[in-house]
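Good morning, and thank you for making time for this item.

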Amino acid sequence: MMKHVLTTCPYCGVGCGFYLDVRDNRIVGVIPSKSNPVSKGYLCVKGWHAHEPVQHPDRLKKPLIKQNGKFKEASWEAALDYVAKRLSQIKAKYGPEALAVCTSARCTNEENFLMMKFGRACLGTPHVDHCARTCHSATVSGLNQSFGSGASTNSYDELPFMDCILIIGSNPTEAHPIVGWRVRTAIDNGAKIIVCDPRRILPAENASIYIQQYPGSDIALINAMINYIVTEHLHDEKFIAERTEGFDELWEVVKDYTPESVKDITGLEPELIKKAARLYATNKRSCIMYSLGMTEHTVGTDNVMSMANLAMVTGHVGKEFSGVYPMRGQNNVQGACDMGALPNVYPGYQPVTDEAVRKKFEDAWGVKLPSKAGFTLTDMMQKAIEGSLKCFYIIGEDQVRTDPDTHMIERALKSLEFLIVQEIFLSETAKLAHVVLPGASYAEKDGTFTCAERRFQRVRKAIEPLSGKTDGEIVCEISRRLGYPIDPDPKNALDEMASLTPIFQGVSFERVDTNGLQWPVPSKGHPGTPVVHLGKFRRGLGKFMPIKNKPPAEVPDEEYPFILSTGRMLFHYNTGTMTRRVSNLLREYPRNFVQMNPADAEQLGLKAQGSRVKVKTRRGELVVAAEVTDKIKKGVLWMPFHFSDEPTNVLTNSAFDPVCKIGEYKACAAKIEKVK
Ligand SMILES: Nc1nc2c(c(=O)[nH]1)N[C@H]1C(S)=C(S)[C@@H](COP(=O)(O)OP(=O)(O)OC[C@H]3O[C@@H](n4cnc5c(=O)[nH]c(N)nc54)[C@H](O)[C@@H]3O)O[C@H]1N2
Ligand SMILES: Nc1nc2c(c(=O)[nH]1)N[C@H]1C(S)=C(S)[C@@H](COP(=O)(O)OP(=O)(O)OC[C@H]3O[C@@H](n4cnc5c(=O)[nH]c(N)nc54)[C@H](O)[C@@H]3O)O[C@H]1N2
Ligand code: SF4
Ligand SMILES: [Mo]
């Protein structure tokens with residue numbers, strides 16, 4: 001028997017579409033979908049191999065219960081009974097607030113809705129969060145304050161027609177390749193590109209202007225651009241007057257940030273900043289594309305609001321062919337946020353503290369709901385260490401490898417009385433669990449993912465779940481055992497979510513089916529929204545936020561003289577639980593490495609590429625190969641974090657942004673030693 005099942009890529013937030021080629025209940029390949037509105041027949045190298053991890057022999061198929069420190073396979077009945085018993089014991093002993101749920105940006109919207117509902121309605125805990133915390137929580141908090149909505153303002157299809165794209169702290173060629181291809185098309189069409197990145201990434205090679213600032217100096221850079229734009233009268237006075245508020249307060253701060261004044265902070269020549277500012281301001285169709293180089297800082301929220309300031313000063317937002325593109329990371333991190341898998345909101349960003357909103361959900365779900373915002377993932381780890389959080393149910397996230405400061409995270413998870421991890425592979429986090437529940441991959445379930453342009457798209461089941469159950473079904477079976485039955489059917493879950501959420505009223509499987517659907521979709525017949533803030537910001541007037549530059553929590557000193565930054569490369573995906581199980585991807589990059597400038601390598605006395613070096617920070621140390629490259633500035637180091645056995649996050653700093661609690665993965669102090 002042969003079939004082709006149309007579905008959505010399980011890796012990055014671009015949201016490409018492909019068919020899974022299924023023969024006799026085995027998935028044998030991937031065929032790009034020409035009609036997909038996002039990918040139009042193209043895929044990146046990860047997408048082409050997206051079927052391989054699904055039926056890898058390492059897949060978890062049976063629940064595991066730890067006894068005397070060793071995992072033993074158990075039946076579903078036994079494992080789910082045990083989980084339900086422990087959850088109710090802990091809740092009875094310490095109260096619902098001793099429990100927390102981490103949902104998964106790798107899972108569907110419907111599953112995130114069910115997990116969020118399970119946490120709040122069944123367990124009665126306000127503590128629900130997921131990996132957006134480490135990723136674009138700064139976008140959600142920052143753009144929300146500036147514009148009134150924390151998602152991308154425009155669509156991918158506008159990119160090829162831009163005059164000017166400012167790419168800052170985003171590496172689309174490697175992290176969002178099919179959007180990177182749209183950027184390439186824009187260049188071919190004559191667009192001017194400005195790249196601001198501490199590393200000379202591929203888009204910089206084709207850029208009109210390349211700015212190599214120090215990691216963590218972006219506010220100074222952007223304020224200086226705004227300063228120059230206003231001083232030279234390149235700002236959009238009409239837009240500022242009609243559509244925004246707070247310009248005078250902004251100017252009060254920004255007037256001191258002349259391009260000359262930020263030279264020491266940014267390491268940049270003033271002329272370069274002026275050129276970039278002029279190019280961005282004077283082109284008609286200008287947009288900003290940013291990602292984690294801006295968000296993963298102790299000033300993440302401030303960084304995001306600075307970019308919103310820049311866009312509003314020039315009037316490059318709230319219209320077609322302009323705007324701000326936060327490049328959301330995971331396949332469904334946009335969706336997990338949208339579904340209310342955040343500690344402070346229900347689906348559609350309805351505040352948990354709003355009486356009327358809470359009453360609506362209480363009426364629909366027939367239970368009293370927590371009346372305050374819960375802990376963020378960042379807080380949860382602290383609460384576990386302090387001892388007030390006793391039990392954590394983690395679904396599809398590997399905090400031990402992906403949260404900053406691994407040793408601290410291990411301490412937190414080991415302090416718990418009960419840790420449940422629901423996974424498709426035995427991740428490092430799963431190894432610490434008391435019970436491991438085997439979830440189902442994207443290829444084994446029906447539902448939707450929402451990509452970085454706010455587009456719901458269908459995910460379709462190609463084969464039966466290898467473990468017998470989908471992630472949504474597992475959660476609902478636990479809920480039923482705890483006396484709160486929830487319907488696991490994904491279609492019904494989406495309908496229920498839509499009925500409770502103003503901005504998703506018109507979303508349903510049928511509507512999403514052919515071409516997807518971009519939210520807001522406020523009513524049944526609504527066509528979806530490719531561009532938001534047209535004519536009016538969601539918050540009314542756009543708000544300028546006066547923001548001062550602040551250095552990273554850790555800056556270089558005599559003992560730790562380098563700035564270490566971290567990030568991604570094309571061939572691997574986050575922890576690599578999936579991509580490191582694809583031989584073609586593993587062959588390209590089998591091991592971890594550190595990038596450093598030739599001058600620093602020479603000073604260290606490194607003789608050859610690939611020499612072993614020890615990278616040390618105040619939190620840990622790691623021996624890796626040195627990749628000597630002039631793509632990186634002197635005094636800066638860069639490492640990927642995809643390699644579980646050489647884990648970069650033993651080095652990173654868990655200092656976080658006070659507003660959104662994102663960790664500072666993109667800048668900490670480090671030193672480097674030669675290994676004999
Ligand atoms: N191949 C691949 N694709 C992925 C992923 C993956 O693991 N692999 N992960 C997905 C996920 S979860 C996410 S969130 C996205 C992330 O996508 P991106 O944010 O684009 O990826 P990163 O490599 O983390 O960081 C982007 C750039 O920020 C730069 N940078 C570092 N420090 C600074 C700084 O202080 N200021 C500025 N301006 N730039 C800085 C880095 O040099 C890097 O080029 O990618 C998604 N796509
Ligand atoms: N140093 C450094 N660290 C970083 C970052 C950085 O830039 N630098 N970036 C951060 C960012 S942006 C992010 S988003 C995080 C990502 O951190 P994680 O979310 O922890 O990383 P993933 O590899 O995406 O892992 C998710 C887990 O889900 C499992 N999984 C996949 N699909 C499914 C499914 O359908 N069901 C279930 N139950 N499980 C599934 C995978 O096996 C994997 O173990 O990493 C963060 N860590
Ligand atoms: S660009 Fe992203 S969504 Fe598209 S195929 Fe590659 S990993 Fe998948
Ligand atoms: Mo991410």
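An N or O atom in the side chain of H297 lies 3.0 Å from an oxygen atom of ligand 1; a polar contact here is a pair of N or O atoms within 3.5 Å, and within protein one must be able to donate a hydrogen and the other to accept it, while residues adjacent in sequence count only if both atoms are side-chain atoms. With the protein around it, ligand 1 has 99% of its 920 Å² buried, the area being that exposed by the ligand taken alone (Shrake-Rupley method, 1.4 Å probe; for residues, only the protein chains shown count as cover). This is a predicted model, in which local features need pLDDT of at least 70 and side-chain atom pairs count only at pLDDT 80 or more, whereas totals for chains, interfaces and linings use all residues. Residues are numbered from 1 along each chain as its sequence is written, chains are lettered from A and ligands numbered from 1 in the order in which they are written, and side-chain values use heavy atoms, with hydrogens and water left out.

Backbone atoms also approach ligand 1. A polar backbone atom of G216 is 2.8 Å from an oxygen atom of ligand 1, and one of E174 is 3.1 Å from a nitrogen atom of the ligand. Around ligand 1 there are 36 residues, with A175, D197, R568, H572 and N574 nearest (near means a heavy atom within 4 Å). Helix α13 gives the largest share of this shell, three residues (helices are DSSP runs of H or I, at least four residues, and strands are runs of E, at least two, numbered from the N terminus). Domain 3 (137-327) and domain 4 (562-674) each contribute at least three residues to the shell, the bounds coming from an automatic or database domain assignment.

On a 1 Å grid over the protein atoms alone, a pocket is an open set of points with protein on both sides within 12 Å along at least five of seven lines, a cavity is a set where a 1.4 Å probe fits but cannot get out, and lining residues have an atom within 4 Å of a point. Points are joined across faces, edges and corners, and a volume is the space filled by probe spheres set on them.

The largest pocket has a volume of about 530 Å³. Helix α4 (residues 137-147) gives the most to its lining, five residues. The second largest pocket holds about 320 Å³. Of its 19 lining residues, E174, R199, Y589, Q595 and K631 are the closest to its centre. This pocket lies between domain 3 and domain 4, because both give residues to its lining.

Finally, the whole structure has three cavities of 30 Å³ or more.
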